[in-house]
Amino acid sequence: MIDSINQSLKSQKSRLLNHPLYNEIKSPEHLKCFMEHHVFAVWDFMSLLKALQENLTKTTTPWYPVGNPEIRYLINEIVLAEESDLNFFGKHQSHFEMYLDAMKNSGANQKKIGDFLLQVTHGTDIFLVIAVSELPISIKQFLKFTFELISEGKPHKIAAAFTFGREGLIPDMFTSIINKVQQNFPEEDLKLFKYYFDRHIELDADEHGPMAYKMIEELCGEDALKWTEVKYVARDALNSRAELWDGIYKEITEMVALER
């Protein structure tokens, strides 16, 4: 079934892997714009992962075994790397924090993500935070899709977005991005940015991607309805990412027009 679903997603994946955005990032200012949008996808990825951990493992006390031990292992193994991996300097840090450091190193503005998280940490309803924010509509729609899935609380559907929309796609997509960036900015100090991408490519291709597919198989089993729902969520997750890319592309092309 995994192969069949991946086959059905060919057009959506091709749209992302060949998106014109990658060729449009031609200056440090363009790269900063990309990072200021993309950081929201880096952040909400962790919410998908933690939602899976909450649904499929026991995260409260008193503790007792919950669910399938194989799935518990898969989730906890991914959480360990995503939430406390080794950064460029050999210190433990979440991938989100690594990305913030890469933004700072490149001079990208962290105000949008900072203001957004300030509201989140105050306990404000996430949908209200999204609605009243001044974020571009492409970011709002991307976040809304993620948190609607999480709110629905169906592990196989959350796992579908996590697996097909993130883990299964990231190695190829990030390789496309980093290759273009390296061509355009050979003199720029992008070591932290490159480390973040290289680390994701390494983990997702070799470990997390296969783990995530295994999780989908365990969650769906022989349930035809669940497999169908996984297929449609996977498609929607890829379309949601493409719309986020469209939003970044639009903003950069507007920057280019003003530069002329």
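Which residues in α9 meet which residues in α13? Let's start there, hello everyone, and keep in mind that this is a predicted model.

On the α9 side we have Ser138, Ile139, Gln141, Phe142, Phe145 and Leu149. Across from them, α13 brings Val233, Asp236, Ala237, Ser240, Arg241, Glu243, Leu244 and Gly247. By class, this contact of α9 with α13 has 7 nonpolar, 4 polar and 3 charged residues.

Now the geometry of that pair. Helix α13 spans residues 224–259, and its axis comes within 8 Å of the α9 axis, with a crossing at roughly 160°. Angles over 145 degrees count as roughly antiparallel, so that is the description α9 and α13 get. The crossing of these two helices is left-handed.

Let's stay with α9 and look at its contact with α4. Helix α4 covers residues 28–56 and helix α9 covers residues 137–152; their axes come within 10 Å and cross at roughly 0°. The two are therefore roughly parallel to each other. From α4, the residues in this contact are His37, Phe40, Ala41, Trp43, Asp44, Ser47, Leu48 and Ala51, and they meet Ser138, Ile139, Phe142, Leu143, Thr146, Phe147 and Ile150 of α9. That contact divides into 10 nonpolar, 4 polar and 1 charged.

What else does α4 pack against? Helix α7, at an angle of about 35°, with the axes 10 Å apart. Here Val39, Phe40 and Trp43 of α4 touch Lys112, Ile113, Phe116, Leu117 and Val120 of α7. By class, this contact has 7 nonpolar, no polar and 1 charged residues.

The largest pocket has a volume of about 210 Å³. Its lining is made of Lys111, Lys112, Asp115, Phe116, Gln119, Val129, Val132, Ser133, Glu134 and Leu135. Which helix gives the most to this lining? It is α7, with 5 residues; α7 (111–121) and α8 (126–132) each supply at least two. The lining divides into 4 nonpolar, 2 polar and 4 charged residues.

One last stop, back in the backbone. Most peptide bonds are trans. The one from Thr61 to Pro62, though, is cis, with omega near -5°. Pro62 is found in the loop between α4 and α5 (69–84).

Technical notes. Residues are numbered from 1 along each chain as its sequence is written. This is a predicted model: local features need pLDDT of at least 70, side-chain atom pairs count only at pLDDT 80 or more; totals for chains, interfaces and linings use all residues. Side-chain values use heavy atoms; hydrogens and water are left out. Axes are lines fitted to C-alpha atoms, for helices over the stretch in contact, and angles run from 0 to 180 degrees between N-to-C directions. Helices (H or I, at least four residues) and strands (E, at least two) are DSSP runs, numbered from the N terminus. Angles under 35 degrees count as roughly parallel, over 145 as roughly antiparallel, 65 to 115 as roughly perpendicular and the rest as oblique. Contact means heavy atoms within 4.5 Å. Ala, Val, Leu, Ile, Met, Phe, Trp, Tyr, Cys and Pro count as nonpolar, Asp, Glu, Lys and Arg as charged, and the others, Gly among them, as polar. On a 1 Å grid over the protein atoms alone, a cavity is a set of points where a 1.4 Å probe fits but cannot get out, and a pocket is an open set with protein on both sides within 12 Å along at least five of seven lines; lining residues have an atom within 4 Å of a point. Grid points are joined across faces, edges and corners, and a volume is the space filled by probe spheres set on the points. A crossing is left-handed if the near helix is turned anticlockwise from the far one by less than a right angle, and right-handed if clockwise.
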